[in-house]
Amino acid sequence: MEIINELKSLQDFKYRDFQAKLIPNIDKSTIIGVRMPDLRKLAKKIDEKQAQIFMEDLPHTYYEENMLHSILVSNMKSYDDCVNHLERFLPFVDNWAVCDCISPKIFTKNTDKLIGKIKLWAQSSHPYTIRVAICLLMKYFLDDEFKVEYLKIASDIRSEEYYVNMMIAWFFATALAKQWDDVIFVLEDNLLESWTHNKTIQKARESFRITPAQKQYLKSLKKRR
């Protein structure tokens with residue numbers, strides 16, 4: 001299977017233009033314009049040998065190749081293989097959409113090992129590796145696996161990168177919705193950089209999972225610039 005040809009056969013020009021507006025930091029010429037359901041269907045058509053060859057052929061040229069790579073990694077059934085492929089791929093991730101597509105089901109059963117990797121990735125110098133780390137922390141560690149100590153992984157990060165700080169804000173807004181009593185101190189004690197602090201409050205106050213009383217309290221915590 002010629003994967004690039006398959007992707008181009010699924011091209012939707014209007015969708016390409018739409019995607020280009022959502023991901024302004026990458027060259028529009030690298031976006032083919034393939035919708036996510038079609039990418040997921042294509043991933044199911046690719047056999048194990050083809051997937052292996054494709055995932056080893058880095059860097060990719062097109063945005064959709066990176067999205068497909070994220071889907072293939074997320075579908076892997078071996079934790080160790082998944083992590084190995086993900087660590088080879090992370091340095092080539094260059095936008096928020098590919099980051100947020102990474103969601104391996106096998107991670108659910110291996111959170112004890114995953115948390116160490118998240119701590120390591122969160123200290124990376126590569127902004128999208130950091131974003132992946134915080135995104136995975138949000139996906140897998142705000143429910144049954146939640147521990148207050150894990151909040152420090154995100155609160156200790158200092159970055160000039162918009163997409164890193166936005167992810168941190170999204171993480172803490174979600175954490176407030178799920179674990180309010182154990183998370184609110186992060187804002188009360190001013191543990192975040194000012195922009196991220198205020199963006200967390202904004203996103204939390206937009207959430208239907210935050211009560212009116214909580215929203216009013218959050219408003220009182222907003223920092224003046």
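In the predicted model, D143 and K178 form a salt bridge (a side-chain nitrogen of Lys or Arg within 4 Å of a carboxyl oxygen of Asp or Glu), and their closest N and O atoms are 3.0 Å apart. D143 belongs to the loop between helix 9 (127-140) and helix 10 (151-155), and K178 to helix 11 (residues 162-183), so the bridge ties together parts that are 35 residues apart in sequence. Helices and strands are DSSP runs, helices being H or I of at least four residues and strands E of at least two, numbered from the N terminus. D143 has a relative accessible area of 41% and is partly exposed; K178, at 32%, also counts as partly exposed. On this scale, buried means under 20% relative accessible area, exposed over 50%, and partly exposed in between, with a 1.4 Å probe and protein chains only.

The model is predicted, so that local features need pLDDT of at least 70 and side-chain atom pairs count only at pLDDT 80 or more, whereas totals for chains, interfaces and linings use all residues. Residues are numbered from 1 along each chain as its sequence is written, and side-chain values use heavy atoms, with hydrogens and water left out.

A search of the whole structure finds 8 salt bridges. One of them links the side chains of D12 and R35, with an N to O distance of 3.4 Å. D12 is placed in the loop between helix 1 (3-9) and helix 2 (13-22), and R35 in the loop between helix 2 and helix 3 (36-45), so this pair connects parts that are 23 residues apart in sequence. D12 is partly exposed at 25% relative accessibility, and R35 is partly exposed at 40%. A salt bridge is also formed by K117 and E87, whose closest N and O atoms are 3.2 Å apart. Since K117 lies in helix 8 (residues 111-121) and E87 in helix 6 (residues 79-89), the pair ties together parts that are 30 residues apart in sequence. Both are partly exposed, K117 with a relative accessible area of 24% and E87 with 29%.

The packing of helices was examined next. Two packed helices are described by the angle between their axes and the distance between the axes. Axes are lines fitted to C-alpha atoms, for helices over the stretch in contact, and angles run from 0 to 180 degrees between N-to-C directions.

For helix 5 (residues 63-74) and helix 6, the axes come within 10 Å and cross at roughly 160 degrees. Helix 5 is therefore roughly antiparallel to helix 6; angles under 35 degrees count as roughly parallel, over 145 as roughly antiparallel, 65 to 115 as roughly perpendicular and the rest as oblique. The crossing of these two helices is left-handed, a term that applies if the near helix is turned anticlockwise from the far one by less than a right angle, with right-handed used if the turn is clockwise. In this pairing, N66, H69, S70 and V73 of helix 5 are in contact (heavy atoms within 4.5 Å) with C82, H85, L86 and F89 of helix 6. The contact of helix 5 with helix 6 comprises 4 nonpolar, 4 polar and no charged residues. In this classification Ala, Val, Leu, Ile, Met, Phe, Trp, Tyr, Cys and Pro count as nonpolar, Asp, Glu, Lys and Arg as charged, and the others, Gly among them, as polar.

Within helix 5, N66 is buried at 6% relative accessibility. Residues up to four places away in sequence not being counted, N66 touches H60, F89, F92, D94 and V98. R88, in helix 6, is partly exposed with a relative accessible area of 41%. Apart from its neighbours within four places in sequence, R88 is in contact with M55, E56 and L58. The C-alpha atoms of R88 and E56 are separated by 8.4 Å, although the two residues are 32 residues apart along the chain.

Helix 13 (residues 194-205) and helix 14 (residues 212-220) pack at about 160 degrees with their axes 10 Å apart, and are therefore roughly antiparallel to each other. Their crossing is left-handed. I201, A204 and R205 of helix 13 make this contact with K215, L218 and K219 of helix 14; by class, these are 3 nonpolar, no polar and 3 charged residues.

Helix 13 also packs with helix 11, at an angle of about 45 degrees and with the axes 8 Å apart. Helix 11 is thus oblique to helix 13, and the crossing is right-handed.
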